[in-house]
Amino acid sequence: SPDGKFFFFLYNQRGHQVMRLIRIDASTGEAKAVIVEEPKTFVDYSQKTYLKYLPKANEAIWMSERSGFNHLYRIDLATGTVKNPITSGDWLVRSVVSTNEESGELTLRILGHDPKQSPYHVHYARVKSDGTNFRVLTRGDGTHRLDVSPDGKFAVDIWSRVDLPPVAELLDLAKNTTVTTLETADAARLAKTGRVTPERFVAPGRDGVTPIHGVIYRPTNFDKSKTYKVIEYIYAG
């Protein structure tokens, strides 16, 4: 802490079923868990852990799957209580890109917010730490990479899909609008190289409800009249 009275450390218990933020009193050595995560499954510590200490407000921004989806929470470090969820809903925060402590605004990478798009498409959003003024910055149906200007007002958004070559757009982040399309990759030129465009598909899982998203890659000499063996490539933990 700025006054040196306390220090904090993140405790990840072996087995990853307990994650705590511990506060130590520097004068007495007393330890107190101010944030506690004890999920029934496990904490995905390698990809879904985020802690931002805000000493001026004696708060922390904390990432958690406690709702069933990965979201951010504003924690009062004096009491350990949640002041407010910063994000919520049936979608998730992939990572925090930046935090502006003065304005209280966060820039996020998110997944699954638009039900009309694949839940694996990465989009960008901004939100205040009090949970207000949430807005998605990127709109194109694909995965996005945002390069933000130093003043944070504009960005170059490059997005694509497995079946769509990259598109580059200039975004006005302050107005949350697209200024112009800067460049579009030439799909016809790619086709001349012999590249076969993959086919996206969605099929119900074994429960008959959960949509499973996948991609079909066919050989360059694919013949509809022939039968082919299928190589199934998955990552299932």
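Two strands count as paired if DSSP finds at least two bridges between them, and strands themselves are DSSP runs (E, at least two residues) numbered from the N terminus. The legends below describe a predicted model, in which local features need pLDDT of at least 70, side-chain atom pairs count only at pLDDT 80 or more, and totals for chains, interfaces and linings use all residues. Residues are numbered from 1 along each chain as its sequence is written, and side-chain values use heavy atoms, with hydrogens and water left out.

**View 1. The open four-stranded sheet β12-β13-β14-β15, with antiparallel pairing.** β12 (143-148) and β15 (177-184) form the edges, each pairing on one side only. Neighbouring strands are turned by 25° against each other on average, direction ignored; axes are lines fitted to C-alpha atoms, and angles run from 0 to 180 degrees between N-to-C directions. Within the sheet, β13 (residues 154-161) and β14 (residues 164-172) run antiparallel and are joined by seven bridges. I158 stands opposite A168 of β14.

View 2. D76 is buried yet has no salt bridge, and K83, the nearest side chain of opposite charge, is 4.6 Å away. Buried means under 20% relative accessible area, exposed over 50%, and partly exposed in between (1.4 Å probe, protein chains only). A salt bridge requires a side-chain nitrogen of Lys or Arg within 4 Å of a carboxyl oxygen of Asp or Glu. A polar atom of the D76 side chain lies 2.9 Å from the backbone nitrogen of A78. Leaving aside neighbours within four places in sequence, D76 is in contact (heavy atoms within 4.5 Å) with N58, T81 and K83.

**View 3. The salt bridge between E59 and R74.** The closest N and O atoms of this pair are 3.0 Å apart. Because E59 lies in strand β5 (residues 59-64) and R74 in strand β6, the pair ties together parts that are 15 residues apart in sequence. E59 is buried at 5% relative accessible area, and R74 also counts as buried, at 17%.

**View 4. The salt-bridge network of D141, R161, D163 and R200.** D141 and R161 form a salt bridge with closest N and O atoms 3.9 Å apart; D141 is in the loop between β11 (135-136) and β12, and R161 is in strand β13, 20 residues apart. R200 forms a salt bridge with D163 at 3.3 Å between the closest N and O atoms. R200 belongs to strand β16 (residues 199-204) and D163 to the loop between β13 and β14, 37 residues apart.

Methods
Lys, Arg positive; Asp, Glu negative; His and termini not counted. Polar contact = N/O pair within 3.5 Å; in protein donor to acceptor, adjacent residues only side chain to side chain.
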